[in-house]
Amino acid sequence: MNTIQVLFFFLSVLAIFSAVMVLVSKNPVHSVLWLITVFFAISGHYILLNAQFLAIVNLIVYAGAIMVLFLFVIMLMNLNADSEPRKNLWMKLAGVISGGCFLMVLISLVRQTIELTGKTALMKEGNIGLIKNLGKALFTDFVIPFEISSVLFLSAMVGAVVIGKKD
Amino acid sequence: MPIQYYIYFCLALFSIGIIGVLTRKNAIIVFMCVELMLNAVNLLLVAFSKMHHGAALAANPATTAGVDGQLFVFFIMVVAAAEVSVGLAIIVMMYRNTHSVDINFLNRLKN
């Protein structure tokens, strides 16, 4: 078992444990902090796959911006474990069972797929994840979606202001 | 690393997100679980892009196959950022009207 495999399993276990903790935490602030741990673990996976640009963008956009937004909203509403809405046990059980059935079906599907056997993801090699190559592709082949996304951001900003406005 | 490991890991994360959406009532936690599902898909896209890049590298050492997958991930992150800002504004508005973040209050939308 080499270093990459050890890191892969460590990051996977960390991510899944933190994701479960996001669900079971009563306090929403703790959920946000566990979710940040998940994002750090996923960034570690990106670095293992040598997708360095996405690793940094994931940290900046998700763990930095989006999670701060969540924390601000939670603190603005003064939510804590007491204000957690109650849900009955049968609904929770039904949710867990249906999610587990979904996981079972997809895992058995992947196990039966012959096309995937022997395929490996290239670890820590290959330079498509570097900023130079991604930027070149972004500003030649993908320049129109890139410009459209700026319009999307503008409309999202206007929408958030209009919705959040006190009238 | 075999691609199956990545698929199993991402499926587990995605299922945890689904279970969260189905079982929690707090609208903010439900929203965070949607983010978790988006991240699982992102990781799988990057893993598949590296898989195709590794396969194409054997034929042509200067290939850039697989860049598309990583740019899709970038655009998913862009759209997710826009989605979160609007969604949190909606949750804040809902909290202001009902003084609760219980998603079951949203069924009042039908009246």
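How far apart do the C-alpha centres of domain 1 of chain A and domain 2 of chain A lie? They lie 24 Å apart.

## Reading this model

Welcome! This is a predicted model, in which local features need pLDDT of at least 70, side-chain atom pairs count only at pLDDT 80 or more, and totals for chains, interfaces and linings use all residues. Residues are numbered from 1 along each chain as its sequence is written, while chains are lettered from A and ligands numbered from 1 in the order in which they are written.

## Chain A as a whole

Chain A has 6 helices and 0 strands, where helices (H or I, at least four residues) and strands (E, at least two) are DSSP runs numbered from the N terminus. Its pattern along the sequence is α-α-α-α-α-α. With a radius of gyration of 20 Å, well over the 15 Å that the globule rule gives for 167 residues, chain A is more spread out than a compact globule. That radius is taken over C-alpha atoms, and the globule rule is 2.2 Å times the number of residues to the power 0.38. Along the principal axes, the C-alpha atoms of chain A fill a box of roughly 50 × 40 × 30 Å.

## Two domains

Chain A splits into domain 1 (3–129) and domain 2 (130–167); such bounds come from an automatic or database domain assignment. Here 5 residues of domain 1 of chain A are in contact with 4 residues of domain 2 of chain A, contact meaning that the C-beta atoms of two residues, placed from the backbone, lie within 7 Å.

## A pair of helices

Now to helix H1 (residues 3–24) of chain A and helix H2 (residues 28–48) of chain A, whose axes come within 8 Å and cross at roughly 160 degrees. H1(A) is therefore roughly antiparallel to H2(A), a label for angles over 145 degrees. Axes are lines fitted to C-alpha atoms, for helices over the stretch in contact, and angles run from 0 to 180 degrees between N-to-C directions.

Among the residues that meet are A:Leu7, A:Phe8 and A:Leu11 in H1(A), and A:Trp34, A:Leu35 and A:Val38 in H2(A).

## Where the chains touch

The contact between the chains takes 60 residues from chain B and 68 residues from chain A. On the side of chain B that touches chain A, the elements giving two or more residues are helix H1 (3–23), helix H2 (27–59) and helix H3 (67–98) of chain B. H3(B) provides the largest share of that side, 21 residues.

How values were computed:
Parallel < 35°, antiparallel > 145°, perpendicular 65-115°, else oblique.
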